[in-house]
Structure formats: structure tokens, C-alpha cells
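Work through the exercises below with the sequence and the model open. Each task is followed by a solution in steps.

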Amino acid sequence: MSTPNLLMIGDATDEMLSRLTTEFTIHRLDEIADLDLWAKEHGAVTEVVMTNGHHGIPPSVMAALPNLKAAAGYGVGYDAVDTDACVARGIKVSHTPNVLNGEVANTALLLLLAGMREFRRDEAWARSGDWEMQGNAPLTRSPDGKTIGILGLGRIGQEIAKRLSIFDAKIVYHTRSKKDVPFDYYSNLVEMAADCDVLVCITPGGASTDKIVNREVLEALGPEGMLINVSRGSVVDEAALIAALDSGKLGCAGLDVFEGEPHIPNALKTSARTILLPHVGSATRETRAAMGALTVDNLLQWKADGTLITPIPECAHL
Ligand code: NAP
Ligand code: 8YV
């Protein structure tokens, strides 16, 4: 059986590797000391890569693989992939939609509860002995019956809305086009933020959403408001967020993603108004197994007949 080259960008689980090693000859980008040197021997005969939402396909890799035909993404977001360049070169790209909707929605709910019920402070209160020494912890806010705005009501956004029904929340949303859903639509994000207790960001990253959550949006959300970002760091103006939290113009923020991740600004790390996660929205064993299986299924189907199971929309016609 032929085992064509596969260039692996980023990590894979053991399950993914065990399925792939019998079908492909795997080259790992993080083990290649000199990409130009490697490309002289392998570049022209490497037609497929596997990557993830963080790394995408670096320009150096695009240049090193003149005959690249397919790229399978281990994740749903593909803002790190230059889709115009892929379409122009006829490179098919796949991603992993739907299989992670529930998990990312769970992460948004985790941040919502931790923020409104001040989990960090109260956990420290219990652990530090403050309860014995100072008495009961100050009261927090209930998530029940609040107005929650969802920025990006796609596959994951709709799952978040579904799960928020347990809080009897009023759901409103902002997207570029109105959806056929039973929630109030706002064509203006600032106006929606002004009417919300909580704003949950779950759009794709990229140029059209770059810093869409700016100072005006954050200040409209207000001193009692909460921002949750489980989308991409680029969606929120991080400097404006830090200023709004420091000045008390925004109540608190629950963040899974950051502009320069894995770097997190100190101002966010030290703020009592933040709950921070290291981009783990989909990072459970169960969900990563499903994402990994779909990624490998895409690669095997491409190897068998040159097609992908879940191509990104931009490449679906290729
Ligand atoms: P999706 O189904 O494509 O939904 C995207 C939604 O965003 C759509 O409702 C879309 O509606 C809206 N949108 C797109 N551009 C917009 C803009 N410029 N302004 C306002 N709304 C916009 O995507 P999904 O599967 O739900 O995933 C969403 C994103 O979540 C991914 O792309 C990824 O970046 C992120 N994500 C993060 C994690 C994590 O670990 N934290 C995990 C998975 C995914 P319109 O087109 O009508 O605007
Ligand atoms: C992952 C994600 O962090 O799917 C996405 O868009 O952001 C996450 O699920 C990543 O892509 C896993 O490799």
C-alpha cells in the first residue's frame, strides 16, 4: 500500500496518529530543523498537510509545498488559513464543524456561571479561612432571567442559546444576516450590548470580525455587564477591554481566547474581574476524539478519492 507524505503542523492525539501512521508517511513540522533543506527532498512530493486552528498553514509551508492539494484542519475555525491563496492554488481545506458545538457551549456556560457567581473569589474565600475570620462572602448576581446577547449565532452560538434556556434567559443576537430563530435580532452590536447583561462572542476570527468588540461595545455593556469570549482573541480589542475593566466601565470578563495567545497580558492575569482559560473550549477527551476522528476521516477520504467530507465553504467547489 502506498503511504504518501503527510506534513503535520501542530499536535495530534495518539488515536489520530495510530490511524494515520499506517496510511501516510508522517513528517512533523516541529521536528524539521531547516524547512528549506527538508523541502528540497520532500516539498514537491508532499501533497497533504494536517493542521489546527492556531497554526493554520504558515506562508513558509505554503511556499515549501508547490504541489499541496489538501489540508485537514483539526478544529472548526480556520482564520489562520489563507483561504484566498488556497482557492487560487486549488488546495482543498477541511475542518471539524458540529462535533464540538456542545463542548464549546459548555465552556461559555462555565465562564458565565463562574463570572456572575464570582467563583474565583468565593472559592478563595472558602479555602483561605476568610469564611471563619470575616463571615459570609458578599452576595453575587444570579444568571437567571438575564438578557444574554450572542455575537455570532451559527452552529455553536445556537447550541449556547439552547443551553442557556435552563437559566430562563432572554436571548438576543447580532450577526450580519438575520436568522430564522425565535430570538430578537440586532443589526447594531452597540445597541445590543446596551440591552444585555452578558455578551457572548462566538463568531469566526478574521478580517470581518477584527476588534468588532471595541470600547463602545464594552462600555455599552456597562459596569454590571459581563463579556464572554470563546471565539478568537482578535474579535475583542484587548487594550480597550483592559481599560474598561480597570476603570470599572465593564463588570467582568470570561476569556478562553486572547489576541497574542498563548501570551496573556498581565493586566488580565492580575485583574479580579477576569476568569481566564487557556483556549480549552473544545478540549475534553471526548470532544477531541470526535474532532480527531473527523480530521483523520477527511484525510483518508482524500487519500481514497481526492474529496473531503467536511470542506470549508470557500473550498467546497474545488
Ligand atoms: P459558524 O456556524 O460558521 O457560525 C458563525 C456565526 O458568526 C454565524 O452566525 C455568522 O452569521 C456570524 N458571523 C460571521 N461573521 C460575522 C461578522 N462579521 N459579524 C457578525 N457576525 C458574524 O461557526 P461555528 O461553528 O459556530 O464556530 C464559530 C467560531 O468559534 C469558529 O470559527 C472559531 O473561531 C470559534 N471556536 C472557538 C473554540 C474554542 O476553543 N474557544 C472552539 C471552536 C470554535 P453571518 O454570516 O450572518 O454574519
Ligand atoms: C481548538 C478551536 O483549539 O475548533 C476551533 O476553532 O479553536 C479549537 O477547537 C483547535 O483548533 C484544536 O486544534
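**Exercise 1. Ligand 1**

Task: Find the polar side-chain atom that lies 3.2 Å from an oxygen atom of ligand 1, and name its residue. Then describe the rest of the surroundings of ligand 1.

Solution. 
- Step 1. The side chain belongs to His279, with a polar atom 3.2 Å from an oxygen atom of ligand 1. The model is a predicted one, and this distance is computed from its atoms.
- Step 2. Ser208 also contributes a polar side-chain atom, 3.0 Å from a nitrogen atom of ligand 1. Gly154 uses its backbone instead: an N or O atom there lies 3.1 Å from an oxygen atom of the ligand.
- Step 3. On its own, ligand 1 exposes 920 Å², of which the protein buries 88%.
- Step 4. The ligand is surrounded by 27 residues, and the closest are Arg155, Arg176, Ser177, Lys179 and Asp256. Sorted by class, this shell holds 10 nonpolar, 12 polar and five charged residues.

**Exercise 2. Ligand 2**

Task: Which residue places a polar side-chain atom 2.8 Å from an oxygen atom of ligand 2?

Solution. 
- Step 1. The residue is His279, whose polar side-chain atom lies 2.8 Å from an oxygen atom of ligand 2. His279 also has a polar side-chain atom 3.2 Å from an oxygen atom of ligand 1.
- Step 2. A backbone N or O atom of Val76 is 2.7 Å from an oxygen atom of ligand 2, and a polar backbone atom of Gly53 is 3.1 Å from an oxygen atom of ligand 2.
- Step 3. Ligand 2 has 330 Å² of accessible area on its own, and the protein covers 87% of it.
- Step 4. The residues around ligand 2 include Asn52, Tyr74, Leu100, Arg232, Ser282, Arg288 and Met291.

**Exercise 3. Backbone exceptions**

Task: Is the peptide bond from Glu261 to Pro262 cis or trans? Is the phi of Asn98 positive or negative?

Solution. 
- Step 1. The bond from Glu261 to Pro262 is cis, with omega near 15°. Pro262 sits in the loop between strand 11 (252-255) and helix 12 (266-270).
- Step 2. Asn98 is not a glycine, yet its phi is positive, about 75°. Its place is the loop between strand 5 (92-94) and helix 5 (101-116).

**Exercise 4. Leu17**

Task: Which residues does Leu17 touch, leaving out those up to four places away in sequence?

Solution. 
- Step 1. Leu17 belongs to helix 1 (residues 14-20).
- Step 2. With that exclusion, Leu17 touches Met8, Ala12, Ile26 and Arg28.
- Step 3. Gly292 is 275 residues from Leu17 along the chain, while their C-alpha atoms are 9.5 Å apart.

Methods
Residues are numbered from 1 along each chain as its sequence is written. Chains are lettered from A and ligands numbered from 1 in the order in which they are written. This is a predicted model: local features need pLDDT of at least 70, side-chain atom pairs count only at pLDDT 80 or more; totals for chains, interfaces and linings use all residues. Side-chain values use heavy atoms; hydrogens and water are left out. A residue is near a molecule or strand if one of its heavy atoms lies within 4 Å of it. A polar contact is a pair of N or O atoms within 3.5 Å; within protein, one must be able to donate a hydrogen and the other to accept it, and residues adjacent in sequence count only if both atoms are side-chain atoms. Accessible areas come from the Shrake-Rupley method with a 1.4 Å probe; for residues, only the protein chains shown count as cover. Ala, Val, Leu, Ile, Met, Phe, Trp, Tyr, Cys and Pro count as nonpolar, Asp, Glu, Lys and Arg as charged, and the others, Gly among them, as polar. Helices (H or I, at least four residues) and strands (E, at least two) are DSSP runs, numbered from the N terminus. Contact means heavy atoms within 4.5 Å.
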